[in-house]
Amino acid sequence: MSKPSRRHLWTALSGVVAALALSVPAANALTRGTTATPAAHSQDAFTGRTDAALRKSLKSLVKEDGFPGALASVSGPHGRARNYTAGVGDLKTRSEVPTDGQVRIGSNTKTFTATVVLQLVDEGKINLDAPVDDYLPGLLRGDGIDGRNITVRQLLQHTSGLPNYDEVILEDYLTNKQHRYFEPREILDVVLNKKALSAPGVRWNYSNANYIVAGLLVQKVTGRPIGEEVTDRIIEPLHLRHTYWPAIGDQTIKGRHPHGYFAATPDTPYTDVTEQDPSAGWAAGALISTPSDVNRFFSALLDGKLLEPAQLKEMQTTVDAVKDVRYGLGLATVNLSCGGFAWTHGGNTPGYTINNAVTKDGRAAAVAVTALPITIPASEHLDAALDTALCAR
């Protein structure tokens, strides 16, 4: 689902493993949480240079890096948006990429899930520093894994030590897993058959398992499905008309959308994976949205429209993740070439990758492509396209 590292070491295996994960190596040590201040860029106008630079970046992603299609949305502090496309939306028909079309947004789902958890914290129904066992007794037991010692904060922060499950779920993806439904607890069975990556609170290790547990936690506390809570608390209040949580068994994308494609290696032909069962991602990566809706969500979140100041501060209190990247509670940072950093998450899922971020002054950008990057240059160019959208003047 996405990558605060902004650098993917894509190989035939990691391209598959990263499909549902922030594909970054684990940080060696966990530093004390700090609250940072992102970069500010005062210009709201879309200059000709911005337009030209971003269009060039998108065309290069198609022509040089081989992505079938690319689409982007950029908005200024006052919400004025501009949309861009390149390539084709369907390799068979060669139809155009629909402007601001729907895509699977992968790990951006984590930010939605974390927001719901923090709303429940504000309502007094969840304590960030309480152990998971207080809410889901006996759920987490395994080799070095004990829910009595893992806190809710550590789940959202990826410091629980829970191992990931992607390589098991996505092995033989095209032949066995693309259309398979996974129950959340079935996914946890995979996780609990592994050894913990570390003791809780010792290291940052990105794991989708953390947000599978967070989804179960929300359901236990509210008595309602996590998708319903995300819809009622975020999607509907923000009027995100093109964002939705797929119903159980729904493998389609409802609105106008480009087709998504999967290839395990640069030499492998693309396979259309537009229709797929999103259950393996669930609370960690099931949502479908558009670039502009993603921008609206992150902008509203950082403007304090979804969380009280105390909870937003908790979300933005970060620890070292990898290199120059820091991670909070379902929210990460990305450094910008024009100085400072922006708040981000991003997402990968088979068929789609989306990079997105918001600067301090409210400039937001989301760049999506219709396949996973499977070379280091392709990943770097996708990162650069987001930087161009936020920094070109």
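**Close-up views of a predicted protein model**

**View 1. Helix α3 meets helix α8.** Lys110, Thr113, Ala114, Val116, Val117 and Leu120 of α3 meet Tyr211, Ala214, Gly215, Val218, Val221 and Thr222 of α8. A contact here means heavy atoms within 4.5 Å. Helices (H or I, at least four residues) and strands (E, at least two) are DSSP runs, numbered from the N terminus. What you're looking at is a predicted model, where local features need pLDDT of at least 70 and side-chain atom pairs count only at pLDDT 80 or more, while totals for chains, interfaces and linings use all residues. Residues are numbered from 1 along each chain as its sequence is written, and side-chain values use heavy atoms, leaving out hydrogens and water.

**View 2. How α3 and α8 cross.** Two packed helices are described by the angle between their axes and the distance between the axes. For α3 and α8 (residues 209-222), the angle is about 40 degrees and the axes sit 10 Å apart. Those axes are lines fitted to C-alpha atoms, for helices over the stretch in contact, with angles running from 0 to 180 degrees between N-to-C directions. The α3 and α8 crossing is left-handed, which means that the near helix is turned anticlockwise from the far one by less than a right angle; clockwise would be right-handed.

**View 3. Helix α3 from end to end.** The 15 residues of α3 (residues 108-122) should span 21 Å at 1.5 Å a residue, and its end C-alpha atoms are 22 Å apart, which agrees. That expected span is 1.5 Å times one less than the number of residues. Of the 15 residues in α3, 14 are buried, so the rest of the structure largely encloses this helix. Buried means under 20% relative accessible area, exposed means over 50%, and partly exposed is in between (1.4 Å probe, protein chains only). Just after α3 comes glycine 124, with a positive phi of about 80 degrees.

View 4. Aspartate 232 has its place in helix α9 (residues 226-235). Its relative accessible area is 41%, making aspartate 232 partly exposed.

**View 5. The disulfide.** A search of the whole structure turns up one disulfide, meaning a pair of cysteine sulfur atoms within 2.5 Å. Its partners are cysteine 338 and cysteine 391, with sulfur atoms 2.0 Å apart. Cysteine 338 lies in the loop between β12 (332-335) and β13 (341-344) and cysteine 391 in helix α12 (residues 376-391), so the pair ties together parts 53 residues apart in sequence. With -60 degrees about the S-S bond, this link is left-handed. Cysteine 338 is partly exposed at 33%, whereas cysteine 391 counts as buried at 12%.

**View 6. Two loop residues with positive phi.** Aspartate 100 isn't a glycine, yet its phi is positive at about 50 degrees. You'll find aspartate 100 in the loop between β3 (81-87) and β4 (103-104), where its 15% relative accessibility counts as buried. Histidine 158, also not a glycine, has a positive phi near 60 degrees. Look for histidine 158 in the loop between α4 (152-157) and α5 (166-169); it counts as buried at 0% relative accessibility.

**View 7. Stepping back to the whole protein.** Altogether there are twelve helices and 16 strands. Buried residues make up 62% of the 393 residues.
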